[in-house]
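Let's take a walk through this fold, from its cores to its charged pairs. Have the model open and follow along.

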Amino acid sequence: MNNRYKGLFLGSLLSLLGFCSCSLTGEEFCTSGGTGGEEAGNMELTLALDPTVISADGTSSTRLVVKFGGVEVEDIESVTVYQVDKDEKNVQISLPDFRFSTSTPGSYTFWVTYKSRLSNKATVLAVSPSLEIPGLPEDPQPLSLSFQKRVFITQFTGTGCGYCPGMINLLRSFKAQEAYQGKFVIAACHTYNSNDPMYLAQHTGIASGVSGYPSVMLDLNASTMMNTVDISLFNRVIDGQLSIAPAAGICATSVAEGSQFVVNAGVKVAGEGKYYVAAWLLEDGIEAKQSNYGFTGDFSIHDNAVREILGYNQSKKKYIGFEHDAMPGEIFTEEFRFSLTEGWKLENTHVVVYVCVQRGTQYVVNNVIDVRPNETLAFEYSE
């Protein structure tokens with residue numbers, strides 16, 4: 001059990017159909033989207049937690065692994081440790097032997113300073129020791145490798161973005177089309193304004209390729225980034241993604257109790273290769289005032305808001321997920337444990353699980369499912 005958590009033509013087509021949007025700084029301009037990147041210094045200070053999931057029994061613990069320039073720091077007394085509390089305040093703490101344990105279920109985030117450098121933030125999840133993890137559902141067609149396909153639609157938005165209701169209306173029109181029922185999953189990343197109650201403060205990197213709001217990206221493929229509100233174009237791009245043969249299918253069982261939401265996912269693959277799997281916790285029915293530059297509709301209730309992400313690859317700085325090598329017909333598993341923050345409503349949450357495969361020079365989403373609390377989803381086949 002693991003506790004870790006189309007090309008040139010398409011790009012040209014999308015660039016011709018951009019529309020006015022909100023910039024990262026709140027200014028208005030016309031854009032077609034873009035990409036970005038990050039660089040790390042030669043003497044980077046990094047923090048990792050080993051393991052990233054522990055039992056909230058007061059005994060199980062995680063160790064803080066601090067590295068400076070790629071070398072683990074042994075002089076722990078020269079390292080200052082901070083914990084991020086529930087109000088997002090940084091509190092200096094003392095952790096003997098760089099170990100943390102707790103008897104209270106929840107997620108705990110830390111960062112450190114050393115030689116005037118600041119590290120990344122790292123989070124450990126402490127789960128209730130009484131929570132039983134369900135097994136995978138029975139495979140209805142054990143010999144089949146012809147999987148049902150879904151497209152993963154990532155919406156970049158924010159309550160302070162006055163043009164974003166235009167994209168919300170587009171997605172509402174898209175979802176109402178009978179031809180696409182059961183063929184997509186939507187996740188809304190609120191990364192525009194930091195005073196948004198759904199702001200992804202810990203995962204702003206997911207929007208590194210966004211140059212204007214609103215934008216959408218399909219299957220975490222940067223070449224599909226667009227901000228058009230033309231439904232016919234949007235449908236064509238979706239069709240293009242649906243035409244890509246699914247290389248894997250996903251099944252899952254979930255258990256949700258109190259502030260804990262655990263998903264046990266299974267991935268069945270059609271060919272030999274390297275696969276990555278990740279999970280995002282989403283919440284529906286969140287009430288928040290939305291800026292609106294004259295679009296018609298009610299935009300005060302927000303659905304599919306991303307609350308947490310498991311599967312961020314720190315070394316690659318990618319959200320492709322956790323790595324697995326598999327052979328044709330093989331099923332590998334990944335367990336995802338989420339701890340809800342105060343104010344999140346468990347009954348309104350659901351978890352997106354996706355699998356990434358290599359396409360060209362990058363890894364992109366190949367298939368995705370959406371799991372509700374205490375739900376079982378078996379592998380789905382196209383024939």
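**Charged pairs, cores and a helix**

Start at Lys274, which is partly exposed, with a relative accessible area of 30% (buried means under 20%, exposed over 50% and partly exposed in between, using a 1.4 Å probe and protein chains only). Before going on, note that this is a predicted model, where local features need pLDDT of at least 70, side-chain atom pairs count only at pLDDT 80 or more, and totals for chains, interfaces and linings use all residues. Residues are numbered from 1 along each chain as its sequence is written, and side-chain values use heavy atoms, with hydrogens and water left out.

Which residue does Lys274 form a salt bridge with? The partner is Glu323, with the closest N and O atoms 2.9 Å apart (a salt bridge is a side-chain nitrogen of Lys or Arg within 4 Å of a carboxyl oxygen of Asp or Glu). Lys274 sits in strand 18 (residues 273–283) and Glu323 in strand 22 (residues 322–326), so the pair ties together parts that are 49 residues apart in sequence. Glu323 is partly exposed too, at 36% relative accessibility.

Further along strand 18 comes Glu283, whose partner Arg307 lies in strand 21 (residues 305–310), so this pair ties together parts 24 residues apart in sequence.

Now look for Asp139 and Lys268, whose side chains meet in a salt bridge at 2.8 Å, N to O. This pair links distant parts of the chain, 129 residues apart: Asp139 is in the loop between strand 12 (122–127) and strand 13, and Lys268 is in strand 17 (residues 260–269). Asp139 is buried at 14% relative accessible area, and Lys268 is buried at 1%. In total, the count comes to 8 salt bridges.

Step back to the whole chain: there are 3 helices and 26 strands (DSSP runs numbered from the N terminus, with H or I over at least four residues for helices and E over at least two for strands). Of its 383 residues, 50% count as buried.

The largest nonpolar core has 30 residues, and Phe152, Phe156, Trp280 and Tyr354 touch the most other members (such a core is a set of buried Ala, Val, Leu, Ile, Met, Phe, Trp, Tyr and Cys residues joined through side-chain atoms within 4.5 Å). Strand 18 turns up again here, supplying the largest share of this core, 4 residues. Leaving aside neighbours within four places in sequence, Phe152 is in contact with a list of residues including Val185, Met217, Trp280 and Tyr354 (contact means heavy atoms within 4.5 Å). A second, separate core of 28 residues includes Val263, Ala279, Leu281 and Val357.

Helix 2 (residues 164–175) is worth a stop. At 1.5 Å a residue its 12 residues should span 16 Å, and the end C-alpha atoms are 17 Å apart, which agrees (the expected span is 1.5 Å times one less than the number of residues). Its buried residues include Met167, Leu170 and Phe174. Among the elements covering the buried residues of helix 2 are strand 13 (151–157) and helix 3 (231–242).

Finish at an open sheet of 4 strands, with the order 23-17-16-26 and antiparallel pairing (two strands pair if DSSP finds at least two bridges between them). Strand 23 (331–339) and strand 26 (376–377) stand at the edges with a single partner strand each, so one side of each has no neighbour in the sheet. Strand 26 pairs with strand 16 (residues 248–257) over 2 bridges, and Ala252 stands opposite Leu377 in strand 26.
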